[in-house]
Structures are given as structure tokens and as C-alpha cells.
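Thanks for coming, everyone. I have one structure to walk through this morning. Have a look at it first, and then I'll start.

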Amino acid sequence: MSQSIYPPNPEFSANAHVASMEAYQAMWDRARDNPERFWGELAETELFWFEKWKHVFEWNPPFVKWFAGGKTNVSYNCIDRHLATHRKNKVAILWEGEPGDQRMISYQELHRLVSRFASVLQSRGYRAGDRAILYMPMIPELPIAMLACARLGITHSVVFGGFSAEALKARIQDLDAQIVITSDGGWRRGKEVRLKDAVDEALTDCPSVRDVIVFQRTGSGISMQPGRDHWWHELDAGASEHCPAVPLDSEHPLYILYTSGTTGKPKGILHTTGGYLLQAAITMKWVFDLKEEDTYWCTADIGWVTGHSYIVYGPLSAGATTVMYEGAPDTPAFDRLWRIVEKYRVNIFYTSPTAIRALLRQGDHWPNGHDLSSLRLLGSVGEPINPAAWEWYHRVIGKGRCPIVDTWWQTETGAILIAPMPGAVPLKPGSGTLPVPGILPDVVDFNGNPMEDGKEGFLIIRRPWPSMLRTIWGDPDRYREQYWSRIPGVYFTGDAARRDKDGYFWILGRVDDVMNVSGHRLSTMEVESALVRHPAVAEAAVVGKPHEITGQAVCAFVTLKKGDHDHDALAKELRQWVAHEIGAFARPDEIRFTESLPKTRSGKIMRRLLREIVTSHSVSGDVTTLEDMGVITRLAAQQSEEE
Ligand code: WT7
């Protein structure tokens, strides 16, 4: 197999934080040989501590503590410590709304806004250990609310604005959250996403919630429940600007973010304070090669982990100018992202393969109509990037000048674990290349034995790292079982991978029943559970099928209860139903009605066979456990009839 290799550009390397392969290798070796010393030194140079820790880490498998006993505060690190430097009046958040409105918030201004909102929370009685749900559009008040929570030790859980009222409710209930922070709505493709309406719907069944604070973004009419609901601006009017950051233990819970697992119930991934922030901050330098003068833009939504670590916590703790955009990349036209790059002279641009593919399809004239010469580094995250998308990103967006950092990580890992250091590591399109220092990944078989180079196996991580998840909220057994028991003693990522002769990692996709739709994780079980809640549905089996833009699309095989059904109308209704139960992004691309589903003798749905049908239109491999082979033949035949 011929493989293009892109060595670092010498000019880029000359100014890079990590300037050569030797420098990278030396760091990586140092971290492997003496992790206490390596991470301990970084924690001292990169973060502010009110009190120093006792031990760098304590590992009682599968539970780890980093810098325990140390006292720090994420909000202080992201804001206050910059105020005594030249960053005081530097733009922290450079925001653009979808309608074209702008805000530039300096570190000093951010301090004022966050302190005021933290005062509001404090005066309403919230304090360390409480849980707040944040259900907001991509407006500055979202990071402001996150940082205000962090300032007081209130553990936040951001729920992506694309999730439905049902999904929101499940998260509020799982957390017993006391407060919800939201807005009337936000703008997406010229339409209002009505968030407060969804909050009202969710709260019919959430007795733990005492207060709802509503930021006014769209000004459209919403209902306010007296006593429970408060306007942000009204509370803010009387707020004190003095609200010092509370010194918190390094292991204090910073946030919980839900992600899909293999069951119908999402997992609340818990991240804590010192270790999480350290790794988010240091990867800004290692992987994004962040410099003081850079304008940095990550296009993710803060509702996902990418936005937590690489729009908010990583960039702000590193003192960066972080760009935030509210709306869709195709509004008002397909050049919106390139327009923003040109307007703000963006230097570092981080997006997903799905966005790249969607924009690539629209033609080169969109990016070519803009001056993109400010760009010096490009990033990719969410799924493996296919060579065609990589080449386009490199040539048309980066003009052949910009390295592309393909960053592999997960909600659970908190920060990037496998990615090139762009001044040091030669790139191979489609590979996340090498692990960052301190990370010991491997590719192994079922028993944990390393695979030979080039052979496919399970991607695992051998040692705990600072930004690792600490547990699944309320379910330590599931945490142990999911991540540390499949292959005993190592962290199980759920991804398949292979390693080439140069030690580069190639991620091949999930090995479990988790789909990746537009870089967002979605479990087949979650969609199935939603479908079977519909009164007409008897059984459902969901698989991901390859999709040109979103990577995978949701394909549902459905059997119906007895009765007369109008299949076309019902398919439409079921797609809408899933959007209502989970969120629009989970809406099945395709619903296929079938008489029965392929099952093993023990009654387990054989999704692998369905996956083969939607992928290759035929069935191969071992089908000896299949009870009713006829079903598969019928399904496959149905498919060819449809084409
Ligand atoms: C899964 C994690 C944290 C990033 C956003 C998604 C896949 C992520 C890559 C990449 C190949 C990737 C993996 C991983 N993935 N980045 N650069 N190359 N695959 O976070 O929802 O927690 O999903 O996304 O399958 O396990 P997530």
C-alpha cells in the first residue's frame, strides 16, 4: 500500500513548541519512565494552585486520583490568573451569532460577567456539590455559566441544545439537578430553536429542580413559571461583581457529560478538576501549537466534549482567544466558516470530517472566494478522516501549507490522547499518528496480548492519565465493567485499531453497538428503545450504515404489531418519533419494515448481519447461530428490490 507522508515544514518546526521528532520522543520517554515527575512538573508550570497536592497520582484500579489534596479552581485558572498579565485586555471569547451579531469579551470582562453570574448562583443558595444543568445555544452565556459553576464548585452538565425534552429530562433526573440554566432559544438555519419550551416539557417530571434561569437570546415569547423561572438579566441587575473563586480539591467534580454506551441508558461521564484542566491546557500547546498571538477556532458545539475541552477549558486556561459561532455552517451560504476565518484572521482551525465532507461537496469556489492566508494549523476530530477529505482540507483550505492534526480521543478521555505534534511528527493522512506524552496505547487481542504491526485489534490504554474519566455518575460498577474488565487491567476504548511499522495508530471504528453519526456517538440500543416505545412497534434493530457525509447514518429495521399500517406514513411518523425521544440528530435515515428480525437461538438480535446487509448487501461469515436464515435472505432480497 503506497502511503503519502507529509514531514513537518521546517519553518513551522522552527517556531513550534515541540520542534523535532527527537524532542517529542524524549518527552514521551520521560513521561513513560517517570510519570510522577513528568506530570508533577507540568502541573506546577501550567496551573495555579492555592495549595500544593500531596501525591501526583494515586492509582487504585480502576479508580484514580490526580493531585489529590491540592487546591485549585478551574475558573480561577481560566480567568483570574490572566488578569495580572498582558492578557487582561486580550479578547478571551470572540463570538459571532448566526444573524451576524458579534461580541468580543476580554479576559477582564469575562471576569466581571462570570463573577456576577456566580454571585447570582451563590445568593440563591447554590454551592459546591450541587448540580446544574446547562441547556443553551452557542452564546457566550454558556461558557459564562460553566465558569460561574466551576468558580463555586457547582458541578455542571451541559446538555446539547439538539437533544429533545425527553433526553433532557432523563439527564436532569439522573443527576437530581437542582437548577437549570437555559435561554428562550437560539438561532440555527434562520429558525429559532426553542429551548425554554423543551425545558418546560422536561420539568413536568423533575421534582429536584428549584430554579430555572433564562437568558434572553431571541426575544420570542415564552412562558415563565412564577417562583421557579427567573430572567438572567433581572437577577444580574442586582448582582455583586465580587465573587472569589473557591479553592477546591483537585478531585472535585467539575462536570458530568452524558454519552451513549451500548445500552439504552446514556452514561454520565464524570470529569474532575486539576488533572482534567492540566491535560486540556497542555494539549493546546502540544497539539495545536498555540501561541500568544493566535486566534483559535474550534467549530464544535459546547454540548459535546470537544467544546468543553477545546472551546472553553483548554483555550481559556492557556490564555487564548477562542472563537465561538452560534449557528450552522451553511447559513446564509456555504462559505460561512470561511467568511469567519477571513474576518477574524483565524490561525488555528479545528473541525470534523463530517463538516469537511459536507463543505467539500459544495465546491472549491466557496473557500476560494475568501482570504484564508491567516490559517497556519488545521485539526480534525470525531471519526477517522478519509483520504479524499484529508487531501481537500490540506490543499483547498490549508493551501498545502498547514499541517493537519488528526486528534483521537473520547468523551471519557477528556483530552486528546493520540495526535501528531505538528512541528515534530510526519503526517500520514487518515492516521492519528502517535500518542501524546504520558499516554501508553496498544493494540491487543481478546486476552490483552499485543497484536503484530499491521494487524487489527482492540485499542487500549495501559496507564491512567490526568484527564481520564473518574467514574460513571451513580454507577461505579458500570464504569468498572465497561472500561476496565473487558481486558483486565487496561482501559478499553471500544475502538478497533491497528499500528503500522512506524508505530502510527490507525483507528478503524467502534467494536461495540455504538454508531458514529456526524462525529457524534449514538447507541443502537438507545434508538431501539425509543422506537419500541411507539405503540405500533413490536421490535426494532438499529445499525449504522455508511453515509457519504455523516460517516454513518441510522438505519432501523422494524417489526410492527398486528394491524393495518400505512408504511409510508408510519415511517415518517417513526422518524419524527425518534427525533422527539432523543433529538433531531438521531432521526433515522431509513426505516425498513420487516416480518421478523434475525436472531440467535438465545433470542439475541444479530445486528452484525443487519450491518452486513446495509453495508455490503449480502451476508458472509459465520451464521451458524442464526435461527432463521430465511429472514436474512428476505431482508437482503428486499434491499435489492428497493434499488
Ligand atoms: C469516538 C469518541 C472526543 C472527540 C469527539 C467524539 C471516534 C474520535 C477520532 C479520530 C478516529 C475518532 C472514536 C472514539 N473518534 N476522534 N481522530 N479518528 N476516530 O467524542 O462522542 O466520545 O466519541 O469517536 O470511535 O471512540 P465521542
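Which residues are buried in helix α16 (residues 476-484)? R478, Y479, Q482, Y483 and W484 are. Buried means under 20% relative accessible area, exposed means over 50%, and partly exposed is in between, with a 1.4 Å probe and protein chains only. Helices are DSSP runs of H or I with at least four residues, strands are E runs of at least two, and both are numbered from the N terminus.

Before I go on, the ground rules. This is a predicted model: local features need pLDDT of at least 70, side-chain atom pairs count only at pLDDT 80 or more, and totals for chains, interfaces and linings use all residues. Residues are numbered from 1 along each chain as its sequence is written, and side-chain values use heavy atoms, with hydrogens and water left out.

Back to α16. Its buried residues pack against β1 (57-60), β2 (63-66), β15 (267-271) and β23 (491-499). Contact here means heavy atoms within 4.5 Å.

Stay with β1 and β2. The loop between them holds P62. The peptide bond from P61 to P62 is cis, with omega near 0°. There is also a cis bond between T331 and P332, with omega about 0°. P332 sits in the loop between β17 (321-325) and α12 (336-344). For context, most peptide bonds are trans, and most residues other than glycine have a negative phi.

F67 is not a glycine, yet its phi is positive, about 60°. You'll find F67 in the loop between β2 and β3 (71-72). F67 is buried, at 0% relative accessible area. S518 also has a positive phi, near 55°, and is not a glycine. S518 lies in the loop between β25 (514-517) and β26 (520-523). Is S518 buried or partly exposed? Partly exposed, with a relative accessible area of 23%.

Now the ligand. The shell around the ligand has 18 residues, and the closest are D406, T407, T411, D495 and R521. A residue counts as near if one of its heavy atoms lies within 4 Å. The shell divides into six nonpolar, seven polar and five charged residues. Ala, Val, Leu, Ile, Met, Phe, Trp, Tyr, Cys and Pro count as nonpolar, Asp, Glu, Lys and Arg as charged, and the others, Gly among them, as polar.

What lies 2.7 Å from a nitrogen atom of the ligand on D406? A polar side-chain atom. On T407, a polar backbone atom is 2.7 Å from a ligand nitrogen. On E383, a backbone N or O atom lies 3.4 Å from a ligand nitrogen. The cut-off for a polar contact is a pair of N or O atoms within 3.5 Å. On its own, the ligand has 550 Å² of accessible area, and the protein covers 95% of that. Those areas come from the Shrake-Rupley method with a 1.4 Å probe. The elements giving two or more residues to the shell are α11 (305-317), β20 (404-407) and β24 (505-510).

Last, the domains. The chain is divided into domain 1 (10-491) and domain 2 (518-642), with bounds from an automatic or database domain assignment. Their C-alpha centres lie 33 Å apart.

Conventions: Polar contact = N/O pair within 3.5 Å; in protein donor to acceptor, adjacent residues only side chain to side chain.
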